[in-house]
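This report describes selected features of the structure shown below.

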Amino acid sequence: MSERLNVSKTYKLYIGGAFPRSESGRSYTVNDAKGGFLANASRASRKDVRDAVVAARKAQPGWAARTPYNRGQILYRVAEMLQGRCGQFTDELRATGLSKSAATTEVEAAIDRWVWYAGWADKLAQVTGTANPVSGPFFNFSTPEPTGVVGIVAPDSPLLGLVSVLAPAIVTGNTTVLVASETAPLPAITLGEVLATSDLPGGVINILTGRRSELAPWLASHMDVNGLDLTGASGDLAVECEKAAAENLKRVLRPVEADQPTDWTAHPGITRMTTFLETKTVWHPVGV
Amino acid sequence: MFEYAPAPESRDIVDIKPSYGLFIDGEFADAEHSFKTVNPATEEVLAEVSEAGAADVDRAVAAARRAYDMVWSKMAGGERAKYLFRIARLIQERSRELAVLESIDNGKPIRESRDVDLPLVAAHFFYYAGWADKLEYAVADPRPLGVAGQVIPWNFPLLMLAWKIAPALACGNTVVLKPAETTPLTALAFADICRQADLPPGVVNIITGAGQTGRALVEHDGVDKVAFTGSTDVGRQIARSVAGTPKRLTLELGGKAANVVFDDAPLDQAVEGIVNGIFFNQGHVCCAGSRLLVQESIAEELLDRLKTRMATLRVGDPLDKNTDIGAINSAAQLNKIRMLSDIGEQEGATRWSPPCELPDRGFWFAPTLFTDVAQSHRIAQDEIFGPVLSVLTFRTPQEAVEKANNTPYGLSAGVWTDKGSRILWMAQRLRAGVVWANTFNKFDPASPFGGYKESGFGREGGRHGLEAYLR
Amino acid sequence: MGDAVSVSTETLTGAAELRRFLHGLPGVDQVGAEERAARLATRSIKTSAKAYAIDLAISMVDLTTLEGADTPGKVRALCAKAAHPDPADASVPKVAAICVYSDLVAEAVRALEGTGVGVASVATAFPSGRAPLEAKLADTRRAVADGASEIDMVIDRGAFLSGDFQKVFEEIAAIKAECGEVHLKVILETGELVTYDNVRRASWLAMLAGADFIKTSTGKVSPAATLPVTLVMLEAVRDFRARTGRQVGVKPAGGIRTTKDAIKYLVLVNETAGPDWLSPEWFRLGASSVLNDLLMQRRKLTTGVYAGPDYFTLD
């Protein structure tokens, strides 16, 4: 039987709804768990970070202005697309060294996680918002609003970890620039392809692949980024980024201690959403 | 002419000691060094106050740790609640004394310390007292953080203390608090209240000092939580210093709030709101409405009314019950206000103040209005933290929002219009933690307060305020 | 204020135009207005300021009796008190006017001859205002003929609340014409208008129609005068003068019982409309019992000891 040659995919960046190569023209080799060649991923530069932040900022007001119901539906649509690509994700996870059943379990967990977050879109304000009983003739209420543009240094858990940091950031109306796992970036780019074929507006999620240590500090110091999720950073890089984030008082989600790896299958709670929310309190007199 | 005769509040009610020690582990103890606190209205020295050094900070944090481990974290929430209720009552009982002391040390008018600060201080303790045994209704699995290091500013000395200490204690934390160096006296009086309340030693520690002391506190390894209210620059430094540590952080920083007045606003109330927004507490308010954005079609009429109103403001002796604007808190702050106002003039804005006689001694600044201000002027960008209002105009709601949000700050904003749907439209779009619609500078313990962007993060007040002190 | 358009009765003749104008006035936020009034009420008026305020307040009192049981004897007694509020102290100023029903005007005019105290007569089917225009005009005519120096008319609140501003306007204008040179005070009965927006509109309506004074209440409806209502009316006269050049007076009436109350009103005048209104010509207090309290407080200031009610006359 003559073997047919597969058409292999070029893995590119995902910025503003498009799939550009790095402006730097660089790439880096991604190998499978056994050291075999998988692909050349784009090696993004600081200028790609800059472009991605511009795209995220541009998309932010429109995304936040969508009705929560609409955002929920769009996220759910992404889950539908994920389900359709199950096989591809399973293959990509197996290449990182997971058994077939473990890979399948992780893909399913990732889809379920996405669906869980999709359902939060039109509920979180009822959980975190309040009507405040002030002592005076005023109507006073507090509602959560998205922080703005959130930079995410994704963890190495290539799919479940990835969706577990991404979905909570965007479901509330933030837009994101995500630096994918350096060692296992391929599922992130495939996720980008899923996003591009769902109804998610371009720019809401921007995905960069490359060297964390090169990209994360640019994201952390960017003055038009409002929040920073350092889950995938550790050690000196995490500290450097947190210090840089102080310059414009970014809301920072710190990495957990290196000796306590995150169990991504555990129930996530709402902290990942609330970290990138602002509470707005509105007062109005009550009178005739 | 109806001239109001002087109506000074009696000073006899307060007993200022010549010197004060640090309040650590339930005892007052002198530090090696000390500094003077002065009455900004007269420049008279009020007292010598201890300046906590590194070793003092160590002792205070250790005392707070002991109290946390041995007593406070183990105490039932209902018992903590009773201590806080007791503190609230003691504050009410001593409220006139505390109000007078606050006005003497800070320079704010007695009308404000008496009618605004002190009632809010007591209410804040009363509010959070009730939360102490109900935390599980606020967050899942509530656990305290440990020792909180808290650094507060000089503009609302006792109120900021209440905002910091009440939720921290309700949640089961112990605290080391540093009041501002120019306004330490009411915090030291509060230490006495802790003793009257029989609060276990070490649960509240008050250490006085300046920036060095504050830095030693927030950088101390024994601190689990840092809470700071003050300038954005210092907030940045603190955020940098806690990077890479497990310390939790909340920051309540500067602001440059827009107060937006539409042509259909209730004008007389808007004028009051503008006055209250920028001249309340001499403009030493992080959420002050320091940028007036007025719809061009009514700008002239509104400014006429505003000037007429400003001419009735009474500037002078903080202890006079009829004083509207008291003394600027310090010479340094006065210099900053003067410097930025001079820049405003140099940049081409038109400066106006009502005729008003300022006392010879002390630190004073007349209420000031700048018109012909553009967003590009420094007085429209920098936080002046004084009684200086910059007036800009806009044409459409979209332009108002754009200008209001065109700042790195995002603490508060005001909207004045009689149209309900426009209020909500504006409220949705203003990037600020507090939006006052047809009112301004309102505070309540049940109402969350805090900023967007460079105005800091975390909320104080309300159920949200608990989150800053719980794991 | 900044608006150069002059407002006069000539330019606002049409009902629709009048309505448009009144609805175009800036709204009043209830909470803000009450807050402002409450804040001004915290002014601490002591020593020399208090002495000044007490004498000013006495001179602004419209000493009032408006009862079905009023008799010539009662009115004469009130007139005696009005001219010499404290028989023991000649330095006490006389009050501004007495205020009676129209059938007792002649009695009051006789009793007050040569004292300089004015005689104000309520008119126009006081207090309800529910009577045909002819009756209101006749009522007014009688009072004027009997020598009243001031007429306190009530507006047709029914017409106002039903939106017929034109009717209210025309009635005031008609009464004003009947008054001639006699000062016309227009009672808005703010307790029935309920909202401050209505109070502001009614104030302007009355001023546009020719009122010399606007007055809060008849005293027969609760609430009568309040500080915030008076604040809104003071803002109206201030704005009206800025716009038209004509100064109109203000009279809160009813519910003013203590010196403290009276002084709060004076502070309100001082810091809202301004010192130009701080004279009996432009501000009155419609009250009766407040006079003795003012006298008691005055005596405390002059003697240094607290006075008792037995030392002041009840008339």
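## Helix α9 of chain A

Contact here means heavy atoms within 4.5 Å. The model is predicted. In chain A, helix α9 spans residues 235-245, and its buried residues are A:Leu237, A:Ala238, A:Cys241, A:Glu242 and A:Ala245. Around the helix axis these residues cover an arc of only 130°, so they lie on the same side of α9(A). An α-helix has 3.6 residues a turn, so residues three or four places apart point the same way.

What do the buried residues of α9(A) pack against? Within chain A, their partners are α8 (212-221), β8 (227-229) and β9 (251-253). Chain B contributes α8 (232-242) to this packing.

## Interface of chains A and B

The size of an interface is often given as the accessible area lost when the parts come together. Between chain A and chain B, about 2,900 Å² is buried, with carbon and sulfur atoms giving 52% of that area. The contact involves 35 residues of chain A and 43 residues of chain B.

Three salt bridges are found across the interface of chain A and chain B. A salt bridge also joins the side chains of A:Glu278 and B:Arg459, with an N to O distance of 3.8 Å.

## Interface of chains A and C

Chain A and chain C bury about 460 Å² between them, and 65% of this area is on carbon and sulfur atoms. On the chain A side, A:Phe138, A:Pro285 and A:Val288 lose the most area to chain C, together accounting for 75% of what that side buries. Six residues from chain A and six residues from chain C take part in the contact. The number of salt bridges between chain A and chain C is zero.

## Aromatic and charge-ring contacts

A pair of aromatic rings is described by the distance of the centres and the angle of the planes. Over all chains, the count is 24 aromatic pairs. For B:Trp436 and B:Phe443, the ring centres are 5.8 Å apart and the planes stand at 80°; the pair is therefore edge-to-face, since the angle is over 60 degrees. Both B:Trp436 and B:Phe443 are buried. These two residues belong to one aromatic cluster, together with B:Trp163, B:Phe440 and B:Phe449.

Chain B also has lysine side chains placed over rings. B:Lys225 is positioned over the face of B:Tyr469, 4.9 Å from the ring centre. The charged end of B:Lys307 lies over the ring of B:Trp352, at 5.4 Å from its centre.

## Backbone geometry

Most residues other than glycine have a negative phi, and most peptide bonds are trans. In chain B, B:Asp25 has a positive phi near 55°. This residue is located in the loop between β2 (22-24) and β3 (27-29). Its relative accessibility is 27%, so B:Asp25 counts as partly exposed. B:Asp372 likewise has a positive phi, of about 55°, and is found in the loop between β14 (368-371) and α12 (378-381) of chain B. With a relative accessible area of 55%, B:Asp372 is exposed.

Where in chain C is C:Pro127 found? C:Pro127 is in the loop between β3 (118-123) and α6 (133-145), and the peptide bond from C:Phe126 to C:Pro127 is cis, with omega near 0°. A cis peptide bond also joins C:Ser222 and C:Pro223, with omega about 0°. C:Pro223 is placed in the loop between β6 (213-215) and α11 (227-244) of chain C.

Technical notes:
Residues numbered from 1 in each chain as written. Chains lettered and ligands numbered in written order. Predicted model: local features only at pLDDT ≥ 70, side-chain atom pairs only at ≥ 80, totals over all residues. Heavy atoms only, no water. Phe/Tyr/Trp six-rings, centres within 6.5 Å; stacked < 30°, edge-to-face > 60°. Buried < 20%, exposed > 50% of the residue type's maximum accessible area, 1.4 Å probe, protein only. Lys NZ or Arg CZ within 6 Å of the ring centre and 35° of its normal. Helix = DSSP H or I, 4+ residues; strand = E, 2+ residues; numbered from the N terminus. Arc of directions from axis to C-beta. Buried area = accessible area lost by both parts, 1.4 Å probe. Salt bridge = Lys/Arg side-chain N within 4 Å of Asp/Glu carboxyl O.
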